[in-house]
Every structure is written in structure tokens, then in C-alpha cells.
Amino acid sequence: MATCFLKTTPNLFHKHQNYLAFFANSTSTRTSVPVSQKRRSRSFPVVSMSATPVQTSLVKSAPSSQNTGIPIMVNACTGKMGKAVINAAEAAGLLVVPESFGREEESGKTFEIGGKDFLVHGPSNRESVLSSALEKYPNLIVVDYTVPNAVNGNAELYCKVGVPFVMGTTGGDRDLLHKTVEDSKNYAVISPQMGKQVVAFLAAMEIMAEQFPGAFSGYSLQVLESHQASKVDASGTAKAVISCFNKLGVSFDMDQIKLIRDRTQQLEMVGVPEEHLSGHAFHMYHLTSPDDTVSFEFQHNVCGRSIYAEGTVDAVLFLAKKIEAKDEKRLYNMIDVLGEGNLR
């Protein structure tokens, strides 16, 4: 039997036992403790497919020498993702419209972002604001990084007015979201994950699930995800990966995801760098065979937000091309964006 070990940085799995100890203290159908404590007379290889924390920056990039002329409206521009997208879009030469949807308490106020003033509109007059923006910028594309409970209402408005959009916000009723776009025949890119490299991992998971259904039947699954405290919902990426594991024969409900939002746990157990507590995405998926002799661990960690901002800009450029070509397909995801190639 051949065993393949992936070379990793020395500290990559230094939190492994703490992960499992956390799971062991949680309600679960299977009690999990570190493998080394289970059978001291034998050891079993852990086949892992992991990514070290990718540290990204919100430092504004140098502006592109060529303006694409594509106007975009970034809703929730005062949020951290909104600011990151604005910086990435301007660096790529996109025309960022100086208006945005925001919270009621922000309505009518102007905010400076990246040296540019943005007028924020509250919930009451969004349709008229969006219609006016579309009239002024006929090729307008909206980027949405608002909040989960606004997803469906915002999408309905975009489709009603006829503005193509990129939905990076997670949560909401995703089936209804897709139906809204399909019924309206509006153009949209919808994805719970905008990071191109993470999406490539998700695509690989989808392929594995389609080609080898039931391959992990009987295995137990434990999922831990850590994000900044401001993220109130479970990770859309985690849900997508779990759906693949379900197809592979693993029984796991979404409400079993262990959400880590506590600062101390993030620092001491998960290993999030302190400077990225306010913006990170750490995921771990741990599979164990029925007899506990085999385990698999998948892990992907991201620090910062620019990976998502850059992917969002690629989604905008992709969607603009589809609109210009009058493509019959109207609803896309980030796998479609990756499959098109020509990524920056």
C-alpha cells in the first residue's frame, strides 16, 4: 500500500488536536478525540488536502492604465467587502458609480471611500434611485454585499428594474433567488464564494461527488468554520462543500456546522492571526471511517478580503461579456466564470 504525504509548513496542523477536542465536547453522533489518544499501539495516516492561511490585503492597488468603461454600483459600500470591491474595481479600470444602497441610518449621508465620495440611499427610495442610475449608466452592473435578510428583496428589485447583478451576499432563500432571476430573464452571477481558488476547490469537490457517488458512505463528518464576529450566518462555502459530501454518501445536516465566532477560540484553537480576526475565513472538514481507522481532512484558510474582491471584479467582467454577446443563458455562478478562462 502506498501512502502519499503532502509537504506542508510546520505549523499547518498544529491546532489539529484542539479542533478534534472541540468536536468531542460538542453534541455529535460520534465522539471524536485525537487519533493519537485512541490507539497508542498503532498509528493511521491522515490524508489531508489543505491550504495554509492565505494572507490578503486591502491596500489599494495602482489604477489600471486602461478603463473598461463598465459602470458598477457597489451596494453596502461602507462595509468591509464593499470597500474592498471598490478598491479592486478601480484598480481594474471599472467605473464605480458614486451611489450605493445602505442602512436606514446611513440614508442621505456621504462617505469617502478611496478618495471618492459616495452618497448612500436608505430602503425607502431604492427603486427610483436604481432606475435613475440605470438611465445614467445604461451598462450598469450592481454588486451586492449587503446582509442575508436583504438578499431576496434586493434581487427582486434588480430584476424588476432590469439591472444585471453579481450577488456575493450569502444567506436568504437561494432557491427563490435563482427562480427570481430565471423568471425575469435578468443577467446575474450568484455565488456563495467569490474567491477564485476556493471556487476551483469547490469545482473539484463537485466533480468527485458526481463521478464517485457514495464513495464515503458510512463515514462521519465534522465541520468547523471560523469567520469574523460580524458574519451572522453559516458559511455558504461550507454548505456547498457539505452538499458534495452528502452526494458522496455522508449523512450531515447543515445545522451541525460548528460556528466559531468567539475571539479567544479563534486565537487559541483555530489559530487565526490576531490582525485578521476582523476578516478571515477558516474551514475544516474532518471525515472518519466507521471503524475509526481512516480519516480525511480538508482545510482552506483565508485571511483578509481581497481574494473575494478580485473574484468579484472577474465576475463583473465575465457578466459584461455575456450581456454584450446576448448570451441565451442568464444565470451564472463562479464556476462558469472560472470555466471561461481569461482571468486576470
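This is a predicted model: local features need pLDDT of at least 70, side-chain atom pairs count only at pLDDT 80 or more; totals for chains, interfaces and linings use all residues.
Residues are numbered from 1 along each chain as its sequence is written, and side-chain values use heavy atoms, leaving out hydrogens and water.

**Stop 1: Arg 261 and Glu 225.** Select these two and show their side chains: they form a salt bridge with an N to O distance of 2.9 Å. A salt bridge here is a side-chain nitrogen of Lys or Arg within 4 Å of a carboxyl oxygen of Asp or Glu. Arg 261 sits in the loop between strand S12 (258-260) and helix H9 (263-270), and Glu 225 in strand S11 (residues 220-227), so the pair ties together parts 36 residues apart in sequence. Helices (H or I, at least four residues) and strands (E, at least two) are DSSP runs, numbered from the N terminus. Glu 225 has a relative accessible area of 0% and is buried; buried means under 20%, exposed over 50% and partly exposed in between, with a 1.4 Å probe and protein chains only.

**Stop 2: Arg 263 and Glu 274.** Next, pick this pair, another salt bridge at 2.9 Å, N to O. Arg 263 belongs to helix H9, while Glu 274 lies in the loop between H9 and strand S13 (280-288), eleven residues apart. Arg 263 is partly exposed, at 46% relative accessibility.

**Stop 3: Glu 340 and Lys 322.** Now move on to a salt bridge whose closest N and O atoms are 3.4 Å apart. Glu 340 is partly exposed at 38% relative accessibility, whereas Lys 322 is buried at 14%.

**Stop 4: helices H3 and H10.** Color the contact residues (heavy atoms within 4.5 Å), among them Met 81, Ala 84 and Val 85 of H3 and Tyr 308, Ala 309 and Glu 310 of H10.

**Last stop.** Finish with Arg 103, Glu 105 and Glu 106, which are linked in a network of salt bridges.
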